[in-house]
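Colleague: I have a model open and would like to learn how to read its features one at a time. Could you walk me through it?

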Amino acid sequence: MAAIWHLKNIFWNETIWLPDKLNWDIIRKQERASYAQFNDLYYAFPVAIVLLFVRFCVERFIFTPLGICLGLKATHPKKAADNLVLEKAFQANGRISYKQIQGLAKQLEWTERKIERWLRQRTVQQKKPQALSKFTESSWRFSFYSTTFLYGFYTLYDKQWFWDTKYCWYDYPDHSVTNDIWWYYMIELGFYWSLTFSQFMDVKRKDFFQMFIHHIITIMLLSFSWACNFWRIGTLVLVIHDFADIPLELTKMAKYIGHKQLTDSLFLIFAVAWIASRLGLFPCRRGFLHDYESLPHPTEGVPACQ
């Protein structure tokens with residue numbers, strides 16, 4: 001128990017997470033409901049459940065019919081019959097040799113032809129997912145990123161730190177959270193929790209583990225920024241990143257319906273948006289460390305900002 005407590009103190013070291021002359025006791029004294037609280041992060045789980053339900057509804061009743069109208073087929077590959085022995089062999093080996101097929105046929109009292117047919121169906125089932133399924137997944141993400149970007153821009157438009165990032169540091173950590181910012185953070189956090197859960201049910205892609213790690217790291221960054229009251233910086237990062245994801249998902253949708261010219265045009269738009277936001281606004285315009293170091297001394301009359 002002492003070792004766990006020691007590791008906890010190392011991880012939450014004030015010199016790592018907080019600026020000079022600030023400690024966790026000051027953060028803990030902010031007990032008013034208008035301040036970011038660590039317990040707020042639990043609300044992301046019911047938000048994730050709601051988003052999963054909304055996703056199920058819009059994919060089934062809106063995006064699936066839309067994909068079919070655009071020429072995608074709704075036929076499903078024939079599912080291999082449930083068989084624990086064959087499933088275990090398939091997962092363990094992937095490519096099964098003829099000798100193994102003979103052993104499985106003898107064990108299950110099946111013909112070798114029947115074993116081979118099952119393996120073909122199982123391979124098709126795993127490696128050739130429907131373009132329609134991919135289209136509906138990208139359509140959902142496109143809808144979410146578009147909505148949250150517009151909501152984030154609308155929410156941040158009248159905030160001082162949106163136009164001048166020095167206000168991310170003025171009066172820190174005395175930054176009260178308004179309802180619109182609270183919902184913006186919880187919806188974004190809930191979305192990444194929902195992606196983490198649904199990834200095990202979605203079409204399995206080659207970058208499955210990379211995206212899983214990406215979602216976990218994103219959740220950690222959002223949670224830490226909220227816990228340390230760095231949510232002003234977090235909102236700027238969110239709105240910048242959502243911007244480039246919109247044309248990315250549109251490009252995928254165009255690719256799945258087989259429209260090459262539209263795909264190329266949208267990819268060009270995505271490249272410009274990604275370079276402008278991720279390589280321009282994010283590292284250069286933001287300049288958080290420079291902003292913090294260039295702040296006037298508290299005795300010079302720092303403007304109050306709530």
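Colleague: Let's start with helix α10: what should its 20 residues span at 1.5 Å a residue?

Modeller: Keep in mind that this is a predicted model. The expected span is 1.5 Å times one less than the number of residues. For α10, residues 179-198, that comes to 28 Å, and the C-alpha atoms at its ends are 28 Å apart, so the two agree.

Colleague: How many of the residues of α10 are buried?

Modeller: A residue is called buried when its relative accessible area is under 20%. In α10 that holds for 15 of the 20 residues, so the helix is largely enclosed by the rest of the structure. Across the protein chain, 41% of the 306 residues count as buried.

Colleague: And what does the secondary structure come to as a whole?

Modeller: The chain has 14 helices and zero strands.

Colleague: Now the salt bridges. How many are there?

Modeller: The rule asks for a side-chain nitrogen of Lys or Arg within 4 Å of a carboxyl oxygen of Asp or Glu. By that rule there are eight. One of them pairs Arg-141 with Glu-249, with 3.4 Å between the closest N and O atoms. This pair links distant parts of the chain, 108 residues apart: Arg-141 is in helix α8 (residues 131-156) and Glu-249 in helix α12 (residues 231-256).

Colleague: Are Arg-141 and Glu-249 buried or exposed?

Modeller: Arg-141 has 12% relative accessibility, so it counts as buried. Glu-249 is at 3%, so it counts as buried too.

Colleague: Which residue does Asp-245 meet in a salt bridge?

Modeller: Its partner is Arg-278, at 3.4 Å from N to O. Arg-278 belongs to helix α13 (residues 260-285) and Asp-245 to helix α12, so this bridge ties together parts 33 residues apart in sequence. Arg-278 counts as buried because its relative accessibility is 17%, and Asp-245 counts as buried at 13%.

Colleague: What about the salt bridge between Asp-158 and Lys-159?

Modeller: There the N to O distance is 3.1 Å. Asp-158 counts as exposed, at 59% relative accessibility, whereas Lys-159 counts as buried, at 12%.

Colleague: Which residues are linked in a network of salt bridges?

Modeller: Arg-55, Glu-59 and Asp-202 are linked that way.

Colleague: Last one: which residues gather in a patch of positive charge on the surface?

Modeller: Look for Lys-78, Arg-113, Lys-114, Arg-117 and Arg-120. Of these, Arg-120 can be found in helix α7, residues 112-127.

Terms used
Residues are numbered from 1 along each chain as its sequence is written. This is a predicted model: local features need pLDDT of at least 70, side-chain atom pairs count only at pLDDT 80 or more; totals for chains, interfaces and linings use all residues. Side-chain values use heavy atoms; hydrogens and water are left out. Patches are made of residues with over 30% relative accessible area and no salt bridge: like charges are joined within 9 Å, nonpolar side chains (Val, Leu, Ile, Met, Phe, Trp, Tyr) within 5 Å. Accessible areas come from the Shrake-Rupley method with a 1.4 Å probe; for residues, only the protein chains shown count as cover. Lys and Arg count as positive and Asp and Glu as negative; His and the chain ends are not counted. The place of a charge is taken as NZ of Lys, CZ of Arg, CG of Asp or CD of Glu. Helices (H or I, at least four residues) and strands (E, at least two) are DSSP runs, numbered from the N terminus. Buried means under 20% relative accessible area, exposed over 50%, partly exposed in between (1.4 Å probe, protein chains only).
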